[in-house]
Amino acid sequence: MAIVRNIDVTAQSESSFDDACRTAVIEAAKTLRGIMSFRISESECVVEHDKIIAYRVTGKIVFQVER
């Protein structure tokens with residue numbers, strides 16, 4: 001039986017929510033192995049001078065614990 005763990009992460013992109021999600025997984029993969037999913041719990045846009053300048057997502061990275 002596999003044991004899984006999840007951690008909260010936040011990532012940001014200047015281009016899209018999709019890119020912010022990819023960035024979250026890529027950065028987490030630098031220190032975690034066995035990532036199974038990224039579940040978005042919150043998304044927001046950063047606005048300056050009435051223009052969207054960044055897309056931000058917060059969510060859970062789910063990964064398998066190694067024994």
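Modeller: Strands (E, at least two residues) and helices (H or I, at least four residues) are DSSP runs numbered from the N terminus. This is a predicted model, in which local features need pLDDT of at least 70 and side-chain atom pairs count only at pLDDT 80 or more, while totals for chains, interfaces and linings use all residues. Residues are numbered from 1 along each chain as its sequence is written, and side-chain values use heavy atoms, leaving out hydrogens and water.

Biologist: How many bridges join β1 to β3?

Modeller: These two strands run antiparallel. One of the contacts is between Asn6 and its bridge partner in β3, Val62. The number of bridges joining β1 to β3 is 10.

Biologist: And how many bridges join β2 to β3?

Modeller: Here too the strands run antiparallel. Among the residues facing each other, Glu44 stands opposite Arg56 in β3, and Val46 stands opposite Ala54. The bridges between β2 and β3 number 12.

Biologist: What is the order of the strands in the sheet?

Modeller: Strands of a sheet pair through backbone hydrogen bonds, either parallel or antiparallel. This open sheet has three strands with antiparallel pairing. β1 (4–13) and β2 (35–48) each have a single partner strand, so one side of each lacks a neighbour in the sheet and they stand at the edges. The order is β1-β3-β2.

Biologist: By how many degrees are neighbouring strands of this sheet turned against each other on average?

Modeller: The axes are lines fitted to C-alpha atoms (for helices over the stretch in contact), and angles run from 0 to 180 degrees between N-to-C directions. For this sheet, direction is ignored, and the average turn is 15 degrees.

Biologist: Which residue in the turn of the β2 and β3 hairpin has a positive phi of about 50 degrees?

Modeller: Most residues other than glycine have a negative phi, and most peptide bonds are trans. The hairpin has two residues between its strands.

Biologist: Which residues of α1 are buried, and over what arc do they lie?

Modeller: An α-helix has 3.6 residues a turn, so residues three or four places apart point the same way. The buried ones are Ala20, Cys21, Ala24 and Ala28. They sit on the same side of α1, because the directions from the helix axis to their C-beta atoms cover an arc of only 100 degrees.

Biologist: How many disulfides does the count come to?

Modeller: A disulfide is a covalent bond between the sulfur atoms of two cysteines. The rule used here asks for a pair of cysteine sulfur atoms within 2.5 Å. Cys21 is buried at 16% and its sulfur is 12 Å from the closest cysteine sulfur, in Cys45, too far for a bond. Cys45 is partly exposed at 31%, and the count of disulfides is zero.

Biologist: What is the bridge partner of Cys45 in β3?

Modeller: This residue takes us back to the sheet. Although Cys45 is in no disulfide, in β3 it does have a bridge partner, Tyr55.

Biologist: Which two residues form the one aromatic pair?

Modeller: Rings of Phe, Tyr and Trp (its six-membered ring) pair if their centres lie within 6.5 Å; planes under 30 degrees apart are stacked, over 60 edge-to-face, and the rest tilted. A search of the whole structure finds one such pair, edge-to-face at 5.1 Å centre to centre and 75 degrees between the planes. The pair links helix α1 (residues 17–28) with strand β3 (residues 51–64), its members being 38 residues apart. They are Phe17 and Tyr55.

Technical notes. Buried < 20%, exposed > 50% of the residue type's maximum accessible area, 1.4 Å probe, protein only. Pairing = 2+ DSSP bridges.
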